[in-house]
Amino acid sequence: MRIRIVDAFTSRPFTGNPAGVCLLPAGPWPDDAWLGQLAAELNHPETAFALPLPAGAEADWEIRWFTPLVEADLCGHATLATVHTLRREGLLTGGPVRFLSRASGLLTAWAEEEKDGDEGDEGEITLDFPVAPTIEVPIPAGLADALGVRPEGTFRTGALGDLLAVLPDEATVRALRPDLAGIAALSLREELRGVIITAAAAAGYDFVSRFFAPARGIPEDPVTGSAHTALAPYWAARLGRPDALTGLQASGRPGRVKVALQGDRVLLTGRAVTVLEATLRVRPVLGEP
């Protein structure tokens with residue numbers, strides 16, 4: 001099997017969010033422990049494993065995502081990286097590609113045709129994900145201390161499992177140096193996947209964000225597609241623009257995510273670039289049929 005490292009939500013290598021991508025052969029899934037060990041070995045924020053499904057199934061591929069520590073319920077950047085890989089392997093039929101996920105249902109994606117020439121000129125990829133509605137909640141105890149600033153407001157994101165914290169401005173978001181141990185403790189206490197921070201952008205974008213999930217083995221995620229399923233409805237309501245927003249995740253490896261609401265779904269659009277391809281030399285341990 002081939003292993004790819006793909007930088008997602010960017011067209012330039014060494015920016016955006018790196019993801020491992022492994023296209024599995026048809027058949028049973030490898031053992032969960034083996035999948036987790038391979039993800040830990042790659043040590044990227046997420047590694048996506050895609051298993052082809054037989055003709056007539058409700059989807060084309062089943063997809064699973066693993067951080068270095070745990071299996072994830074949803075991951076945007078690793079899904080985008082998987083679509084990018086399928087496109088480069090000639091495995092897209094020209095229409096949408098359907099992924100079956102265990103916790104987030106059926107996910108659909110489509111890609112522009114790959115252009116000849118410079119890899120940075122590859123077409124955009126769009127993901128169709130479920131919206132994560134935001135519900136305002138009191139600021140949890142310890143959050144202001146962990147962030148080093150008191151948020152203007154905080155919101156739970158339902159099944160996504162994150163806490164969205166709104167900060168005063170873009171400069172505050174960029175300058176933040178949080179206490180990661182404090183965020184990990186708060187995440188475990190509040191049963192959170194992670195903490196999203198956001199503010200209106202000063203110029204060039206509609207909003208900026210960052211994402212911290214130290215309790216899941218991700219101190220700071222460079223560009224978090226799934227977090228934008230909550231950022232999109234929040235900023236669409238606040239700005240009164242549901243169909244054409246652009247967010248910048250202002251990490252040390254920044255990336256851009258275009259978002260558009262369509263009812264209870266959100267479209268996430270970005271680009272990706274392959275930085276490494278390798279051959280896996282370890283035989284998978286198969287799980288239960």
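Tutor: Glu220 is partly exposed, with a relative accessible area of 26%; under 20% counts as buried, over 50% as exposed, and values in between as partly exposed, with a 1.4 Å probe and protein chains only. This is a predicted model, in which local features need pLDDT of at least 70 and side-chain atom pairs count only at pLDDT 80 or more, whereas totals for chains, interfaces and linings use all residues. Residues are numbered from 1 along each chain as its sequence is written, and side-chain values use heavy atoms, with hydrogens and water left out.

The side chain of Glu220 meets that of Arg210 in a salt bridge, with 2.8 Å from N to O. Glu220 belongs to strand E14 and Arg210 to strand E13, 10 residues apart, and the pair links distant parts of the chain. A salt bridge here is a side-chain nitrogen of Lys or Arg within 4 Å of a carboxyl oxygen of Asp or Glu. Strands (E, at least two residues) and helices (H or I, at least four) are DSSP runs, numbered from the N terminus.

Strand E13 (207-213), strand E14 (218-221) and helix H2 (76-88) each give at least two residues to the lining of the largest cavity. A cavity is a set of points, on a 1 Å grid over the protein atoms alone, where a 1.4 Å probe fits but cannot get out; lining residues have an atom within 4 Å of a point. Rolling a probe the size of a water molecule over the atoms shows where empty space is left. The largest cavity holds about 100 Å³ of space. Its lining has 15 residues, and those closest to the centre are Glu46, Arg193, Phe211, Ile218 and Thr224. The volume is the space filled by probe spheres set on the grid points, which are joined across faces, edges and corners. By class, the lining of the largest cavity has five nonpolar, six polar and four charged residues. In this scheme Ala, Val, Leu, Ile, Met, Phe, Trp, Tyr, Cys and Pro are nonpolar, Asp, Glu, Lys and Arg are charged, and the others, Gly among them, are polar.

The structure has two cavities of 30 Å³ or more. The second largest cavity holds about 30 Å³, and its lining consists of Arg4, Thr85, Arg88, Glu89, Thr274 and Glu277. Helix H2 and strand E18 are the elements that give two or more residues to this lining. No nonpolar residue takes part in it; two of its residues are polar and four are charged.

Strand E18 (residues 272-279) also contains Leu276. Together with Phe14 and Val275, Leu276 makes a nonpolar surface patch of about 300 Å². Leu276 has a relative accessible area of 43%, so the residue counts as partly exposed. Patches are made of residues with over 30% relative accessible area and no salt bridge, nonpolar side chains (Val, Leu, Ile, Met, Phe, Trp, Tyr) being joined within 5 Å and like charges within 9 Å.

The structure holds 15 salt bridges. In one of them, Arg102 pairs with Glu62, the closest N and O atoms being 3.0 Å apart. Arg102 lies in the loop between strand E6 (97-101) and strand E7 (105-111), and Glu62 in strand E4 (residues 61-66), 40 residues apart. Arg102 is exposed, because its relative accessible area is 51%, whereas Glu62 is buried at 13%. Arg189 and Glu190 also form a salt bridge, at 3.1 Å from N to O; Arg189 is partly exposed at 48%, and Glu190 is partly exposed at 26%. Asp32, Arg64 and Glu71 are joined in a network of salt bridges.

Finally, there is the largest pocket, with a volume of about 320 Å³; a pocket is an open set of points with protein on both sides within 12 Å along at least five of seven lines. Among its 18 lining residues, Asp73, Leu74, Ser104, Ala159 and Leu160 lie nearest the centre. The lining of the largest pocket divides into nine nonpolar, five polar and four charged residues.

Technical notes
Accessible areas come from the Shrake-Rupley method with a 1.4 Å probe; for residues, only the protein chains shown count as cover.
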